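Please keep the sequence and the model in view while reading.

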Amino acid sequence: MEKLNFGAFNSLYDFFGAFPDEEACIAFLENKLWPDGVVSPYDPTSKVYRRGDGMYRCKNTGKNFNVRIGTIFEGTKLPLRKWFIGLYLHHNHKKAISATQLAKDIGVTLKTAWFMLHKFRKTSHVVHFQKLDGEVELDETFVGGKNHNRHADKKVPKCQGRSFKDKVPVMGMLQRGGAVICKVVNDTSVKSLTPPILKSVARTATLFTDEWRGYDLVRKLYKAEIVDHSRKQYVNGNAYTNSIEGFWGNFCKRVFHAIYNKVSRKYLQRYFDEFSFRFNTRNVSNATRFEMAIANSQIRVTQNQIVGR
């Protein structure tokens, strides 16, 4: 397949110039997903014929297909150009975009916009980084409403500090100068915090944690340094957790407060995948970030999968 040059589209204005119509979007998607020529999703070894209506035909199976099959764009009649605009806005808005705003921007229903955003978050989830290494900061955050803002009959007693009676704990691992990985966990015990750390962090890394006993086991398995927040100690030589705390504040909590006012625990991991993707691609151009999302779009996601049926 001939390589096409779509130019740089690091602004929304340039983006519309690169994708003026549906044909341009189809050509771009085919170039990115089939760089070496059209491949049948039903039999990758089969010869493929181009039909006169823009579809393709798999010789071995006799099935017709197009470039949407096997991607997040499959099973919808929505123009590919609207998908592209939505994907670009979602990944390149510094503080994210709500379903309500997306619905207004591209002219779809609120329900459609909500499903689109969840499909976009799937393209964040499939971004695989190597295990974190070097200097890695560990910390948890808790997602849920502030108790003092609740009505009197809805206040939860004894929910200060690391209590998660009314909140959802999220484990964060950030390599200084590198990537971040977040995992929603059941609680902040050793049993819950240890597995995601072992899975995501190389054993050659140096860990920086606060004094929380949930890290007791990994501090024995890794080289580790502690900063004791209980004693108002926030920096101890090279030991601090300011980077991961900055991530919680700038990339997560501000978005929850300003854009995503209420998030179900059921979908929380997807939102933190989104925040992690935005952080991990913070140093790339808008066009590159969009192309990364397109490259990761080769996953079929149904509405039943999104709502967890």
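The sections below go from the whole chain to its sheet, its helices and some individual residues.

## Basis and overall content

The model is predicted, and local features are described where pLDDT is at least 70, side-chain atom pairs count only at pLDDT 80 or more, and totals for chains, interfaces and linings use all residues. Residues are numbered from 1 along each chain as its sequence is written, and side-chain values use heavy atoms, with hydrogens and water left out.

The chain contains 11 helices and eight strands. These elements are DSSP runs numbered from the N terminus, with helices (H or I) of at least four residues and strands (E) of at least two. Of the 309 residues in the chain, 47% are buried. Here buried means under 20% relative accessible area, exposed means over 50%, and partly exposed lies in between, with a 1.4 Å probe and protein chains only. Among the contacts in the chain with a separation of 6 or more, 61% are between residues 24 or more positions apart; a contact means heavy atoms within 4.5 Å.

## The five-stranded sheet

Five strands form an open sheet in the order S6-S5-S4-S7-S8, and their pairing is mixed. Strands S6 (180-184) and S8 (223-226) are at the edges with a single partner strand each, so one side of each has no neighbour in the sheet. From one strand to the next, the twist averages 25°. Two strands count as paired if DSSP finds at least two bridges between them.

Strand S4 (residues 135-143) pairs with strand S7 (residues 206-209) in the parallel sense, over three bridges. In this pairing Val136 stands opposite Leu207, and Glu137 stands opposite Phe208. S4 and S5 run antiparallel and are joined by eight bridges. Val143 faces Val168 in S5, while Asp139 has Gly172 as its bridge partner. S5 is also antiparallel to S6, with five bridges between them, and Val170 stands opposite Val184 in S6. The hairpin of S5 and S6 has four residues between the strands, and Gly177 takes a positive phi near 80° there.

How far are S4 and S5 enclosed by the rest of the structure? Eight of the nine residues of S4 are buried, so S4 is largely enclosed. Seven of the eight residues of S5 are buried, so S5 is likewise largely enclosed by the rest of the structure.

Helix H8 (residues 242-258) lies across S4, S5 (168-175) and S6, and runs at about 35° to S4. Helix H9 (residues 268-280) lies across S4, S5 and S6 as well, running at about 175° to S6. Such angles run from 0 to 180 degrees between N-to-C directions, and axes are lines fitted to C-alpha atoms, for helices over the stretch in contact.

## Helix packing

Two packed helices are described by the angle between their axes and the distance between the axes. Helix H3 (residues 80-92) and helix H10 (residues 286-295) pack at about 120°, with axes 9 Å apart. On the H3 side, the residues of this contact are Phe84, Leu87, Tyr88, His91 and Asn92, and they meet Asn286, Arg289, Phe290, Ala293 and Ile294 in H10. Six of the contact residues are nonpolar, three polar and one charged. In this grouping Ala, Val, Leu, Ile, Met, Phe, Trp, Tyr, Cys and Pro are nonpolar, Asp, Glu, Lys and Arg are charged, and the others, Gly among them, are polar.

In helix H4 (residues 99-106), the buried residues are Ala99, Leu102, Ala103 and Ile106. They cover an arc of only 100° around the axis, which puts them on the same side of H4; the arc is that of the directions from the helix axis to the C-beta atoms. These buried residues pack against H3 and helix H5 (110-125).

## Residues with positive phi

Ala96 is in the loop between H3 and H4 and is buried, with a relative accessible area of 7%.

Lys232, likewise not a glycine, has a positive phi of about 65°. Lys232 is placed in the loop between S8 and H8, and at 64% relative accessibility it counts as exposed.
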